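Please look at the sequence and the structure shown here before reading on.

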Amino acid sequence: MKPDLVTLALSKGRIFEETLPLLKAAGIEVLEDPEKSRKLILPTNRADVQVVLVRASDVPTYVQYGGADLGVCGKDTLIEHQAEWGGAGGGLYQPLDLNIAKCRMSVAVRADFDYASAVRQGSRLTVATKYTAIAREFFSAKGVHVDLIKLYGSMELAPLTGLADAIVDLVSTGNTLKANHLVEVERIMDISSRLVVNQAALKLKRATIKPIIEAFATAAQPA
Ligand code: PRT
Ligand code: MG
């Protein structure tokens, strides 16, 4: 851990884009565009702050192990990461809801699948998802028996090919579901992105990290 350098882990795409205004409020400007550069470490206008680009689901892992001091990731990603770590999530401090990259976690089925009757009749459902911890907890609380199939992407395809009766996935505009003739039948939870901080880094690099957290807190939109 370099004592005089703060590393922020972000994923390319919506999280990077939506974190930029918060960084700006903290006086930090990223000097390269990740869509144009192949670099994974991006310098900023500040010699003491750098950004690293990682997969969205790797952000909590980087911050937990100190590969990054701070990170931004969805509540979905955090819940799944913490489930893998038995709830503890190992030394991850979660000070802020940034209210960015908002969406919801939902259950969707084919438009011709009668989800309500299947649930009422106590049928066993096959559910495909990337979010197995969230899906397991949701259906268990509802008393619905499910066989979970873990997928890493394109969940929408599962009900169309007969792989599963239902999916648990993120929905924002609903356009992806509509384009694939799927309908949202349950809303599990609202999702937004969080700032996560390595607890040891917060102690050791407090002078640099604390003002960043404060600037993010001031600039973040209220819920
Ligand atoms: O792509 P990769 O496997 O690397 O990781 P990722 O898919 O988790 O990363 P990314 O960048 O796609 O998403 C990062 C975070 O953004 C997620 O963890 C969520 O917290 C948040 N977010 C917000 C979303 C969406 N909105 C969203 N709409 N993540 C994904 N989607 C997908 C959704 O899975 C579905 O396929 O967009 C599609 C639905 O969008 P609509 O607008 O058609 O409903
Ligand atoms: Mg994605």
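Two strands are said to pair if DSSP finds at least two bridges between them, where strands (E, at least two residues) and helices (H or I, at least four) are DSSP runs, numbered from the N terminus. This is a predicted model, in which local features need pLDDT of at least 70 and side-chain atom pairs count only at pLDDT 80 or more, while totals for chains, interfaces and linings use all residues. Residues are numbered from 1 along each chain as its sequence is written, and chains are lettered from A and ligands numbered from 1 in the order in which they are written.

The chain holds nine helices and eleven strands, and strand β9 pairs with two partners, as the table sets out.

| Partner of β9 | Sense | Bridges | Residues opposite |
|---|---|---|---|
| β6 (residues 103-110) | antiparallel | six | V109 and A166 |
| β7 (residues 125-129) | parallel | three | T129 and V168 |

In total 22 residues surround ligand 1 (C-beta atom, placed from the backbone, within 6 Å of it), and the closest are A56, G74, C103, T173 and T176. Because domain 1 (6-101 + 192-219) and domain 2 (103-190) both give residues to this shell, ligand 1 lies between them; the domain bounds come from an automatic or database domain assignment.
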